[in-house]
Amino acid sequence: TASGSQAMKSRQTIDVLLLEDQPLISMDTEASLRSRGFERITPLAALASATAWLSLNQPDVVIMETTLRGQPSCVLVSELQSRGIAVIVYSGANRSLLQEHTAFDKVPWVSKPAEPDLLVGAIESVLSRPLAKPAPCRVSGRDDQVRIGLPKFFGDIAGKRPAGDHC
């Protein structure tokens, strides 16, 4: 779990899930993290592959873009936080334009492009403090709150419900 005890882990043993759909950015980010001592990095580019991977794995931290192949990644935030997984948004998106995605409200945000040491600092920061209470996924203008679990999310990715309806 991501807690104060994670700060004691060395960079070589921190499991990082990198969710980025732009291949060059993904490769550059992964190379930057590796050059700073991170060895356990899993890069994925789509929500479906991330969901499948997360059903079998528990990373220490997830670094995510706000949208993966046209689907908002905010649907994963509450689920990750409820599992004790730290989340960092690493995006070139204008944060003010994503206000309707309330799941991003309490998540640290690193704007692209950023110096690699800024991203490393964000990783070390989120792993050294308790996680914020998960923000429920909400659709702007709706009063109901939608929380998802990974099994339900598999059906959503398969097209039974558009992912954009969740957050």
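These are my notebook entries on a predicted model, taken up in the order in which I looked things up.

**Entry 1: confidence.** I began with the scores of this predicted model and found that the chain averages a pLDDT of 76, with 65% of the residues scoring at least 70.

Entry 2: I traced an open sheet of five strands, whose order is E2-E1-E3-E6-E7 and whose pairing is parallel. At its edges I found strand E2 (40-44) and strand E7 (109-111), each of which pairs on one side only. On average, and with direction ignored, neighbouring strands of this sheet are turned by 20 degrees against each other.

Entry 3: I next asked which strands helix H1 (residues 23-35) lies across. I found that H1 lies across E1, E2, strand E3 (61-64) and strand E6 (86-91), and that H1 runs at about 175 degrees to E2. Helix H4 (residues 116-127) also packs on the sheet, where H4 touches E3, E6 and E7, and its direction makes about 160 degrees with that of E6.

**Entry 4: a closer look at H4.** I checked the length of H4 against expectation: at 1.5 Å a residue, its twelve residues should span 16 Å, and the end C-alpha atoms are 17 Å apart, which agrees. I then asked which residues of H4 are buried, and I listed Leu119, Val120, Ala122, Ile123, Val126 and Leu127. Seen down the axis of H4, these buried residues fall within an arc of 155 degrees, so I record that they line one face of the helix. What do the buried residues of H4 pack against? I found H1, E3, E6 and E7 as their partners. On the face of H4 turned away from its buried side, I noted the exposed residues Asp117 and Leu118.

Terms used:
Residues are numbered from 1 along each chain as its sequence is written. This is a predicted model: local features need pLDDT of at least 70, side-chain atom pairs count only at pLDDT 80 or more; totals for chains, interfaces and linings use all residues. Side-chain values use heavy atoms; hydrogens and water are left out. Two strands pair if DSSP finds at least two bridges between them. Helices (H or I, at least four residues) and strands (E, at least two) are DSSP runs, numbered from the N terminus. Axes are lines fitted to C-alpha atoms, for helices over the stretch in contact, and angles run from 0 to 180 degrees between N-to-C directions. Contact means heavy atoms within 4.5 Å. pLDDT is the predictor's confidence in each residue, from 0 to 100. The expected span of a helix is 1.5 Å times one less than its number of residues. Buried means under 20% relative accessible area, exposed over 50%, partly exposed in between (1.4 Å probe, protein chains only). The arc is that of the directions from the helix axis to the C-beta atoms.
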